[in-house]
Structure formats: structure tokens, C-alpha cells
Amino acid sequence: MAEWLGNGLQNRLQQFDSARHLLIAEAGRCSTAGFFSDMFNTDRVIQFTDIGEVTFHKSYRAKNYRIKVDGKGSVTVTVPLYGSWRTAVNFVKDNKKWILSKQAEKHNQPPKKSFSYEELKKLADEAYSYIPARITELSEKNNLPFASLRLSTARTRWGSCSFDNRISISIYTMLLPENLIDFILLHELTHTIHKNHQAGFHAKLNELTGGKEKELSKELRTVTRTLNLK
Ligand SMILES: [Zn+2]
């Protein structure tokens, strides 16, 4: 009996220890939502004819089923925590045509553009001399204060704004025309008051761009495609 108790205690200590490790691993994220989402997350991989392997990823945060085809044509489906695997599989079947067209598109894409050290240095220099001054100007003009600015070398996103208004802008924005750089800076500044991309966000950004949000966003998509950074 004593031994049984001992084992029980040992098991509990081991469980505690693995939870502690999880917690330490997650601490970097500093987010309760992140911690719980990972506790609930489980992935499943299913082989489909035509499409190939599809990874199903259960997410605590997802509200809808979502399909993503990455640069290599790999398919990931996000499944809401209380969603069903069967619905997820049917969702893939229903969207098979779209997935196959996306995969074909990725397959035919030229390789990502590469930059030499000198080219990168030039972009960084340009960004350092332009972005901080310009975002300060736009911030003051529109009364949208932000906490800090960081320049990044992100290729897949032009910018981001954290919950506490720390803005990050990619040095690759320097490849864009001035009006689109402004559009990106205004986008992130708008996030200082709207933390999502819902109607209020778009209304504000549209106001800041003199009613040109849709037009600029289309232009940015077109230019982004031709730059081939992702
Ligand atoms: Zn945004």
C-alpha cells in the first residue's frame, strides 16, 4: 500500500514536472491563450488522392474551419476546438478544386527573389533613414501615438502592431512606391486603436487614406505579387 502511494506520488510529481516543462517552453510566448491552445492542440494527417497529405490542426482559438496552402503546396486545415474531424474532412473534399488550383499556382511560381548582402544593407539604410521619420509624421498628423518602432527583415508581412502598440515594419517596404509605404504605416497606426481587421478598422483606415483604402489595398496586392518576396 505504501508503495502504491509512493508510485502515485511519483506519477503526480512526473506529471507536474512535464507540465512545468511545458510551461517553461511556453513562457517565451507570455500568453495564456497560447499556453492553453497548445494544451488542446492535436494534429492529424490524412492522405487524400490528388491533394496528397493534409494536416488537420485543432486550434483553441479558431472559430471557423480554414484551409491553408503553403509555398510548397502543403495543405493545413485548422479545425475549431469543438469542431468535428468528419466536417473537416468534408470541408477539404468540398474545396478540392480550390486546393488543387492553389497547389498548381504554387508549383508554377518562380523561386523567391534573393538579395545580396549589399542589396539588403542598402534597403536597411534606406529604411532607417525613412521609416522612423515618416511614421512619426503620420502618427502626429493623425493623432495615433504608438509605443515603439522596430525595423524587421520579415518577408511575409509588411508590418505588425502588438497589443501594446509596438509597431514593426519590414525593411522590404522600401521596395514599394511611397504611397504604398504610407498605406502600410497607416495600416499599423490604425491598429493602435483597432486590434483586428473588422469594420471599424477599415472605416478608420479608409478615412486616413482619403477614401482610397480598397484601391490602395488592391495596388499593394498587385505589387506584392510582382516582388515575389514570399
Ligand atoms: Zn493588420
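Which residues have the most contacts inside the largest nonpolar core? Here are my notes, with that one taken up in point 2.

1. Ground rules and overview. This is a predicted model, in which local features need pLDDT of at least 70 and side-chain atom pairs count only at pLDDT 80 or more, while totals for chains, interfaces and linings use all residues. Residue numbers start from 1 along each chain as its sequence is written. The chain has 8 helices and 7 strands, taken as DSSP runs numbered from the N terminus (helices: H or I, at least four residues; strands: E, at least two). Of the 230 residues in the chain, 15% are buried; buried is defined as 20 or more other C-beta atoms within 10 Å of a residue's own, exposed as 12 or fewer, and partly exposed as in between, with C-beta atoms placed from the backbone.

2. The cores. I167, I184, L185 and L186 have the most contacts inside the largest nonpolar core, which has 19 residues. A nonpolar core here is a set of buried Ala, Val, Leu, Ile, Met, Phe, Trp, Tyr and Cys residues joined through C-beta atoms within 7 Å. Two or more residues each come from α5 (117-141), β7 (166-170), α6 and α7, and α6 gives the largest share, 6 residues. Another core, of 6 residues, lies apart from it and includes F56, V75, V79 and A88. As general background, nonpolar side chains tend to be buried together in soluble globular proteins.

3. Helix α6 against α7. The axes of α6 (residues 178-190) and α7 (residues 199-208) come within 10 Å and cross at roughly 140°. That makes α6 oblique to α7. Axes are lines fitted to C-alpha atoms, for helices over the stretch in contact, and angles run from 0 to 180 degrees between N-to-C directions; under 35 degrees counts as roughly parallel, over 145 as roughly antiparallel, 65 to 115 as roughly perpendicular and the rest as oblique. On the α6 side, L186, H187 and T190 meet F201, K204, L205 and L208 of α7. L186 is also worth a look by itself: leaving aside neighbours within four places in sequence, L186 is in contact (C-beta atoms, placed from the backbone, within 7 Å) with L138, L205, L208 and T209.

4. Helix α6 against α8. The axes of α6 and α8 (residues 213-227) come within 10 Å and cross at roughly 110°, so the two helices are roughly perpendicular to each other. N179, L180 and F183 of α6 make the contact with L216, E219, L220 and V223 of α8.

5. W158. This residue sits in the loop between β5 (148-152) and β6 (159-161). Is W158 buried or exposed? W158 is buried, because 23 other C-beta atoms lie within 10 Å. Not counting residues up to four places away in sequence, W158 touches S170, T173 and I184. The C-alpha atoms of W158 and I171 are separated by 8.3 Å, with the two residues 13 apart along the chain.

6. Two backbone angles to check by eye. D50, which is not a glycine, has a positive phi of about 75°. D50 is in the loop between β1 (43-48) and β2 (52-59) and is exposed, with 8 other C-beta atoms within 10 Å. N143, in the loop between α5 and β5, also has a positive phi, near 55°, and is a residue other than glycine. N143 counts as exposed, with 8 C-beta neighbours inside 10 Å.

Key. Contact = placed C-beta atoms within 7 Å.
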